[in-house]
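The sequence and the model come first.

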Amino acid sequence: MDHTLWDYDRNVQESLTELHDVHQLNELGITDAKALIQAFYNVNFKLWALYDVGKIDRDSLRETRFKLIFENAGVDPESVPALLEPDFMHRTSSKNYLLPYAMEILDYLKPNYPMHIITNGFNESQSKKLHASGLNPYFDLIVTSETTGHKKPDARIFQYALDHLGINNQEVIMIGDNPNSDILGAINANIDQVYFDPHGKGIEIKPTHTIKHLKELEDFL
């Protein structure tokens, strides 16, 4: 869902801008929202990479995230406001910006294909995002790493979905933006893949299909 349908960057950046103002982070040494956003990007994806391979758990990620962000921004990590992380989670999950063609392609696909989500995101935040953005009615099964105990690219999270749906890996296709968790995960589960690459980053492994915008799905679905 994140970075493929739900506009992660826009939603997160707007939330961080609000947080900088509401929590008066300039008084703690983070000069402006741009500095907060930059420090967030320097830290957050590294934490998620550790989470994806099981080196940290959900609580550790949430407990350390803004301390590391403050440290990256050159600010005392012990000065992080106690409510900053929960406020970030609430604000971000409540945002509803979607990527271009997201709704159009879902409306196009829904009459002909059952659709489901497999995510390494957390249950509560992903559920809020689905409702806030209006995506919930399009999807039947939502599979999270928190529910299954397995994270993409582990094939077992894909198998969990297949077992619950009563189908096999030849009947599905995985659409995602992350070369490791989405595309490699689908390959591990012997599932065809669509690599969503809007910024032309490329990928070392060869996916079944590559698209730069979601409307290209109409070319083969």
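## The interface between the domains

Domain 1 and domain 2 bury about 1,000 Å² between them, and carbon and sulfur atoms give 58% of that area. Buried area here is the accessible area (1.4 Å probe) that two parts lose on being put together, summed over both. On the side of domain 1, Tyr51, Asp52 and Ser93 supply 48% of the area buried against domain 2, more than any other three residues.

The model is predicted: local features need pLDDT of at least 70 and side-chain atom pairs count only at pLDDT 80 or more, while totals for chains, interfaces and linings use all residues. Residues are numbered from 1 along each chain as its sequence is written, and side-chain values use heavy atoms, with hydrogens and water left out.

The domain assignment of the protein chain gives domain 1 as 8-94 and domain 2 as 102-219; such bounds come from an automatic or database domain assignment. The centres of the two domains, taken over C-alpha atoms, are separated by 26 Å. In the interface, 10 residues of domain 1 are in contact with 11 residues of domain 2, where contact means heavy atoms within 4.5 Å.

Across this interface the rule finds 4 residue pairs in polar contact, both residues at pLDDT 80 or more. A polar contact is a pair of N or O atoms within 3.5 Å; within protein, one must be able to donate a hydrogen and the other to accept it, and residues adjacent in sequence count only if both atoms are side-chain atoms. The elements that give two or more residues to the side of domain 1 touching domain 2 are α2 (33-52), α3 (58-72) and α4 (84-93). Helices (H or I, at least four residues) and strands (E, at least two) are DSSP runs, numbered from the N terminus. The residues on that side of domain 1 divide into 3 nonpolar, 4 polar and 3 charged. In this count Ala, Val, Leu, Ile, Met, Phe, Trp, Tyr, Cys and Pro are nonpolar, Asp, Glu, Lys and Arg are charged, and the others, Gly among them, are polar.

## Salt bridges

The rule finds 1 salt bridge across the interface of domain 1 and domain 2, and a search of the whole structure finds 13. A salt bridge is a side-chain nitrogen of Lys or Arg within 4 Å of a carboxyl oxygen of Asp or Glu.

| Pair | Closest N to O distance |
|---|---|
| Glu85 and Arg65 | 2.6 Å |
| Asp87 and Arg91 | 2.8 Å |

Glu146 is partly exposed at 31% relative accessibility, and Arg58 is partly exposed at 30%. Buried means under 20% relative accessible area, exposed over 50%, and partly exposed in between (1.4 Å probe, protein chains only).

The salt bridge of Glu85 and Arg65 also links distant parts of the chain, with Glu85 in helix α4 and Arg65 in helix α3, 20 residues apart. Glu85 is buried at 11% relative accessible area, and Arg65 is buried at 3%.

Asp87 and Arg91 are 4 residues apart in helix α4, so about one helical turn separates them. Asp87 is buried at 15% relative accessibility, whereas Arg91 is partly exposed at 22%.

Lys95 sits in the loop between α4 and α5 (102-109) and is buried, with a relative accessible area of 11%. Its side chain makes a polar contact of 2.8 Å with the side chain of Glu14, and another of 2.7 Å with that of Glu18. Beyond neighbours within four places in sequence, Lys95 is in contact with Trp6, Asn11, Glu14, Ser15, Glu18 and Ala132.

Lys129 is in helix α6 (residues 123-133) and is buried at 6% relative accessible area. With neighbours within four places in sequence left aside, Lys129 is in contact with Met1, Asp2, Trp6 and Ser93. The C-alpha atoms of Lys129 and Asp87 are 15 Å apart, and the two residues are 42 residues apart along the chain.
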